[in-house]
Amino acid sequence: ERVIGRLGELYQFKRSRPQVQIAVVGCMAQRLASDLKERVPHVDFVLGTDRVFELPDVLEGTEGTAAIMTAFGHENMDMIQPVKETPFSAFVTISRGCDNYCTYCIVPYVRGKERSHSADYLVDSVKKLVDEGVVEVTLLGQNVNSYVYGDTDFPRLLERVATETGIQRIRFMTSHPKDLSKRLVDALIGHPKMMPHIHLPLQSGANRVLKKMGRIYTIEHYLKIVDYIRAKFPYVVLTTDLIVGFPSETEDEYEQTLAAVDRIRYDSAFMFRYSVRPGTTAAKLDDDVPEEDKIRRLNRLIKLQQQISYEQNQREVGKVRTALVEGDSRRS
């Protein structure tokens, strides 16, 4: 709704400058496609996630260009290049798309199946960033653990980046619990360049809810991974994603999520109350948890996590750490 409102504002701008062209690109454009063009007729082009890099040709009026371009199979992975967040840190996309189809998630539908950069391309990209002064990279993917290109899987890619480049700090996200292997954990321990941080979305502590979410693992499997990580690392930061109020979640199942958070003791978490995402499988389910219950559950979860985060942070009192100073704070 905010995007459509902004497009309304742009219409006034376009009326006074008829030569202006308006294009909507990305995930929302991929999902809404022709519906968006109908709701906002003054939009000239709608480009989906695979067609973003064709925008210059579209604006230049290449003959035969359609107003709505959302077909998959057109994206050139080589055009998805590293992005510097600061002069010293950068994001390096290793893969795009996802094959998991969690029921609440729109990503597989708007970004397509998973496809990856070659390991050689990624290693060379990190080398170039190092030459430009970057000291920390974050390797990005919807599910980095399932990365594979030829005979290179994700643990091997991490090893190559650590040993073949001069980068000083390596991070990655996001991991899927069904694919996070002991071999990956062992690879992290073996290289001091690997930051001791693993973001491992749990989403729910109740097996029935996890199954309904399409998460493919159980809480017992998840806890085994956590126990292995804790046993191997003398110091590690664990973060996660959590959803409360998923369709048909009972109070007891919500309590199971609280118990899991209390048991695992995350350093921080991204916490959400469930909201319907049109186009997802879960959107067909009855959103039957009352909004006031969702808010109550979320607030209680946030309070618990804030207390745990505070207690986890006490580990740092009296310690000396090496920190990366990236620049001035955005807010202060």
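Author: First, a definition: helices (H or I, at least four residues) and strands (E, at least two) are DSSP runs, numbered from the N terminus. This is a predicted model, where local features need pLDDT of at least 70, side-chain atom pairs count only at pLDDT 80 or more, and totals for chains, interfaces and linings use all residues. Residues are numbered from 1 along each chain as its sequence is written, and side-chain values use heavy atoms, with hydrogens and water left out.

Reader: OK, what's the peptide bond from Met-173 to Thr-174 like, cis or trans?

Author: That bond is cis, with omega near 10°. Thr-174 sits in the loop between strand 11 (169–173) and helix 8 (182–189).

Reader: And which way does phi go at Gln-203, positive or negative?

Author: Positive, near 75°, and Gln-203 isn't a glycine. Its loop runs between strand 12 (197–199) and helix 9 (207–213). For context, most residues other than glycine have a negative phi.

Reader: Is Gln-203 buried or exposed?

Author: Gln-203 counts as buried because its relative accessibility is 6%. The cut-offs: buried is under 20% relative accessible area, exposed is over 50%, and partly exposed is in between (1.4 Å probe, protein chains only).

Reader: What about Ser-248?

Author: Ser-248 also has a positive phi, about 75°, without being a glycine. Ser-248 is in the loop between strand 13 (237–244) and helix 11 (251–264), and is partly exposed at 22%.

Reader: Switching topic: which residues of helix 10 are buried?

Author: Ile-219, Tyr-222, Leu-223, Ile-225, Val-226 and Ile-229. The face turned away carries the exposed Lys-224 and Ala-231.

Reader: What does that buried side of helix 10 pack against?

Author: Helix 8, strand 12, helix 9, strand 13 and helix 11, with contact meaning heavy atoms within 4.5 Å.

Reader: How do strand 5 and strand 8 pair, parallel or antiparallel?

Author: Strand 5 (residues 89–93) and strand 8 (residues 136–140) are parallel, over five bridges. Phe-91 stands opposite Thr-138 in strand 8.

Technical notes. Pairing = 2+ DSSP bridges.
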